[in-house]
Amino acid sequence: MNFAVFCSGQGTNLQAIIDAVRQKRLKARLALVVCDNPKAFAISRARRASIPVAVFDPKDFPSKKEMESAMIRELSARKIGLIALAGYMRILSDGFVRRYRNRIINIHPALLPAFKGGQAIKDAIQYGVKVTGPTVHFVTEEVDGGPIILQEACPVKDNDTEKTLLARVHKLEHKLYPEAIGLFARGKLTVRGRKVIVK
Ligand code: GRF
């Protein structure tokens, strides 16, 4: 199975996926990295690993619709069967999500449905929860609201800062995301309503 990773920034999850593919822990082909930010460090990671990169910068397109049409052309040409969002900071349109129904997954740095949105680490600390951790889920039209594939918990310590907690959550993300992609690639995931059955 060919898959694409979409990212916007640092790309530590992308790196974990690249490493898992290289070490054959993940048996799927990372055929494309899509990025919306030409300055993202994730692009350097992909280039270093000789993975094709496609930059879709909204500034280069008259509308979101046209940008997504160009993305779809690229994804189709490369026969992409799964899109893994890894810190991709844009909301995909309902049309795009419908087109790739149950073929787009995302990783979120909190135990959904807690702490949706872009500040999950900060929100978890401020709320005072004792555990948190990453969630891998299918992407639906509702942001951070799709069926959950995998979750893993870690403690939140009294003296945690955003930096220390993010490091703990990232460690789990880097293990969980390649695992989830592998399950998808091996046909082990079935979506039944809100539930994902993992065979
Ligand atoms: C991750 O923490 C992920 O949960 C969230 O965005 C972050 C991306 O980090 N969706 P990176 O670019 O993979 O380092």
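Predicted model: local features only at pLDDT ≥ 70, side-chain atom pairs only at ≥ 80, totals over all residues.
Begin by selecting His170 together with the ligand: an N or O atom in the side chain of His170 lies 3.3 Å from an oxygen atom of the ligand. With the ligand still displayed, note that it exposes 360 Å² when taken alone, and that the protein buries 84% of this area.

Next, display the residues around the ligand, which are Gln10, Gly11, Thr12, Asn13, Gly87, Ile107, His108, Pro109, His170 and Glu173. At Asn13, a backbone N or O atom is 2.8 Å from an oxygen atom of the ligand. At Ile107, a polar backbone atom lies 2.8 Å from a nitrogen atom of the ligand.

Now select strand β2, residues 29-35. Six of its seven residues are buried, so β2 is largely enclosed by the rest of the structure.

Then select strand β3, residues 53-55. Three bridges join β3 to β2, and the two strands run parallel. Here Val34 is found opposite Ala54 of β3. Finally, show helix α2, residues 41-48, which forms a right-handed β-α-β unit with β2 and β3.

Terms used
Residues numbered from 1 in each chain as written. Heavy atoms only, no water. Buried < 20%, exposed > 50% of the residue type's maximum accessible area, 1.4 Å probe, protein only. Helix = DSSP H or I, 4+ residues; strand = E, 2+ residues; numbered from the N terminus. Pairing = 2+ DSSP bridges. Right-handed = clockwise from strand over helix to strand, strands pointing away. Near = heavy atom within 4 Å. Polar contact = N/O pair within 3.5 Å; in protein donor to acceptor, adjacent residues only side chain to side chain. Areas by Shrake-Rupley, 256 points an atom, 1.4 Å probe, with all protein chains shown as cover.
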